[in-house]
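Good morning, colleagues. May I ask you to turn to the structure on the screen.

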Amino acid sequence: MTFFYKDILEEKIKLLYDFHNIYLLAKGEDKQNYKHIFDRLCLVAKTIIPFVKPSWAIINKIKERGLNILFEGAQGTFLDIDHGTYPFVTSSNTVSSQAGIGAGLGPTSIHYTIGITKAYTTRVGSGPFPSEDDSENGIKLGKQGKEFGTVTGRKRRCGWFDAVLVKQAVALSSIDGIAFTKLDVLDGFEKIKICTGYTLDQRKINYLPTASCEQKKIKPIYEVMKGWSTSIKGIQSFNKLPKEAKDYISRIEELINCKIIIISTSPERSDTIILDNPLKNN
């Protein structure tokens, strides 16, 4: 770690400043001195260095003791640099196997993978979104789901549940159970659509094509289900859900080939229906 070696840290920072100063001077800007940031980093190093340990060794010791280890991933499957909607992706892998790579564990160490998906589909920024709904329904989903970025406030694009994408995500990450969030956002919809396939150049397909030019052309195939008129917000028992909501959950399970084990019915942590707790089984 560079923080341990001041001379190496200073050399690297100086090289960076030398590189960028060429462009700053060419634009008539003042030359920047690396010493200020170097001194600040040296102060930060004093705080960080005592906590630096070989994380792979610590995690493997915990594993040997038979304790549960929970990894949390960030960003969705289709932002994965290899399997996502390239070029509208992030700079790394987001599928579940990345947890072991990043932590220093082998592939057989992950015993259970939970996938998290909303009861409808959203996307931030540009990129293909087959089930996007630009009509009043999409606006309603965004409003009821408060679909705005937590940090930036950027509005998310909203659409119907895309069972094709979720089924593909289940396969890519070997997902064992699904946490199905924001089911209450679908309150009040007379009809609810589910994307069950795509058409590409007049032929039906059941997967997201790799080529970006094909991703732009695919059109959703919808199955329509009856919605529910009553509010399910705050319900904490599966049996208390309206029949239409249960039917919707059951149909989603069939389409994505995966069991839904957790259902949320409001932003409150307590308003969660737990049908199966994987931590009790491992």
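Predicted model: local features only at pLDDT ≥ 70, side-chain atom pairs only at ≥ 80, totals over all residues.

Residues are numbered from 1 along each chain as its sequence is written, and side-chain values use heavy atoms, with hydrogens and water left out.

The protein chain has nine helices and 10 strands; these are DSSP runs numbered from the N terminus, helices being H or I of at least four residues and strands E of at least two. The radius of gyration is 24 Å, well over the 19 Å that the globule rule gives for 282 residues, so the protein chain is more spread out than a compact globule. That radius is taken over C-alpha atoms, and the rule is 2.2 Å times the number of residues to the power 0.38. The C-alpha atoms fill a box of roughly 65 × 55 × 35 Å along the principal axes.

Of the 282 residues, 38% are buried, meaning under 20% relative accessible area with a 1.4 Å probe, protein chains only.

Let us turn to helix H3. Which residues of H3 are buried? In H3, residues 55-64, they are Ala57, Ile59 and Asn60. These cover an arc of only 165 degrees around the axis, which puts them on the same side of H3; the arc is that of the directions from the helix axis to the C-beta atoms. The buried residues of H3 pack against helix H4 (97-103), where contact means heavy atoms within 4.5 Å. Following H3 is Gly66, with a positive phi near 80 degrees.

How values were computed: Buried < 20%, exposed > 50% of the residue type's maximum accessible area, 1.4 Å probe, protein only.
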